[in-house]
Amino acid sequence: MADPHSIIRVQSLVKHYQVGDDTVRALDDVSFGIAAGEMVAITGPSGSGKSTLMHVLGCLDQADSGNYFLAGEDVAGLSSDRLAEIRNRRIGFVFQTFNLLPRMTALENVELPLLYAGRRNAKGPAAEALEKVGLKDRMHHTPSQLSGGQRQRVAIARALVTNPAMILADEPTGNLDTRMGGEILRLMSELNAEGRTILIVTHEPEIAQHCPRQIFLRNGKVVPETIRRGADSGPAPSP
Ligand code: ADP
């Protein structure tokens with residue numbers, strides 16, 4: 001059953017990939033919940049299943065079996081059209097490579113999800129989202145006129161503007177130097193302090209440790225002692 005306070009509840013997720021005669025268990029009986037307002041890292045070494053899990057949580061792909069409730073809605077087994085609709089409505093994505101449209105200004109990039117959703121007057125909310133990420137005075141710049149950290153701020157504003165149930169960030173600091181990466185993590189923490197639910201997928205322990213809670217994957221399984229790990233309870237187990 002879905003818990004009314006949980007944004008995410010996954011139960012016994014399994015996903016296989018068939019490679020020749022081999023079956024890879026990319027997700028092997030994965031279960032956990034994430035409550036509204038949490039900031040959680042999904043972490044683990046390369047090949048542990050992070051991307052596979054992110055695609056399922058982001059409604060970009062389906063598990064072979066198991067349950068997935070997103071904001072109380074049972075999304076396992078939905079058609080790809082329905083999944084796309086839920087994805088656009090519920091999830092704000094932030095990618096390692098920012099994925100901004102190069103010919104558009106910051107403001108136009110942030111307006112896009114609202115325009116796709118059929119909203120008119122997207123400028124006001126887009127400007128507000130850019131102000132929130134500290135880019136009020138850069139709204140009319142194109143991505144090439146912005147630093148990497150500023151581009152990622154635009155991407156975060158674009159993720160925020162539809163007021164999604166959660167922000168799903170895939171290696172959000174992967175293309176940034178340490179200082180800019182730190183700024184992006186601080187911004188995410190500020191947004192979390194305002195009550196936003198944030199999931200960061202990362203293979204970097206230092207990034208994961210920035211999150212109050214870490215879900216550590218190994219060989220497609222959740223390492224059990226990490227399910228309720230707090231920020232002050234020591235580093236995650238090494239791979
Ligand atoms: P991570 O993101 O932690 O590096 P992945 O989710 O990408 O892990 O991969 C988990 C496992 O599934 C790995 O063993 C990987 O080789 C395998 N895998 C991922 N995607 C595919 C695919 N499309 N086809 C076959 N095997 C895959």
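Strand β3 and strand β8 (residues 197-202) run parallel and are joined by five bridges. Strands here are DSSP runs of E with at least two residues, helices are runs of H or I with at least four, and both are numbered from the N terminus. Two strands pair if DSSP finds at least two bridges between them. Before going further, a word on the source: this is a predicted model, in which local features need pLDDT of at least 70 and side-chain atom pairs count only at pLDDT 80 or more, while totals for chains, interfaces and linings use all residues. Residues are numbered from 1 along each chain as its sequence is written, and side-chain values use heavy atoms, with hydrogens and water left out.

Back to β3. Strand β9 (residues 213-218) also runs parallel to β3, with four bridges joining the two. How many of the residues of β3 (39-43) are buried? Five of its five are, so the strand counts as mostly covered. Buried means under 20% relative accessible area, exposed means over 50%, and partly exposed is in between (1.4 Å probe, protein chains only). In a regular strand the side chains alternate between the two faces of the sheet. In β3, Met 39, Ala 41 and Thr 43 point one way, Val 40 and Ile 42 point the other way, and all are buried.

There is also an open sheet, made of four strands in the order β2-β1-β4-β5, with antiparallel pairing. β2 and β5 (73-74) stand at its edges with a single partner strand each, so one side of each has no neighbour in the sheet. Further in, β1 and strand β4 (residues 65-70) are joined by five bridges and run antiparallel. In that pairing, Val 10 sits opposite Tyr 68 of β4.

Now for the ligand. Which residues surround it? They are Tyr 17, Val 19, Val 24, Ala 26, Pro 45, Ser 46, Gly 47, Ser 48, Gly 49, Lys 50, Ser 51 and Thr 52. A residue is counted as near a molecule if one of its heavy atoms lies within 4 Å of it. Sorted by class, this shell has five nonpolar, six polar and one charged residues. For that sorting, Ala, Val, Leu, Ile, Met, Phe, Trp, Tyr, Cys and Pro count as nonpolar, Asp, Glu, Lys and Arg as charged, and the others, Gly among them, as polar.

One lies 3.1 Å from a polar backbone atom of Ser 48. An oxygen is 2.8 Å from an N or O atom in the side chain of Lys 50, and for the side chain of Thr 52 the value is 2.5 Å. The protein covers 61% of the 560 Å² of accessible area that the ligand has on its own, with areas from the Shrake-Rupley method and a 1.4 Å probe. The elements that give two or more residues to the shell are β1 (6-19), β2 (22-35) and α1 (50-57). The largest share, three residues, comes from α1.

Helix α1 has six of its eight residues buried, so the rest of the structure largely encloses it. The buried ones are Lys 50, Thr 52, Leu 53, Met 54, Val 56 and Leu 57. Lys 50 belongs to this helix and counts as buried because its relative accessibility is 8%. After α1 comes Cys 59, whose phi is positive, near 60 degrees.

Two Asn residues have positive phi as well. Asn 99, with phi near 55 degrees, is in the loop between β6 (91-94) and α3 (106-116). With 37% relative accessibility, Asn 99 is partly exposed. Asn 121, with a phi of about 50 degrees, is in the loop between α3 and α4 (123-132). Is Asn 121 buried or exposed? It is exposed, at 69% relative accessible area.

Note on methods:
A polar contact is a pair of N or O atoms within 3.5 Å; within protein, one must be able to donate a hydrogen and the other to accept it, and residues adjacent in sequence count only if both atoms are side-chain atoms.
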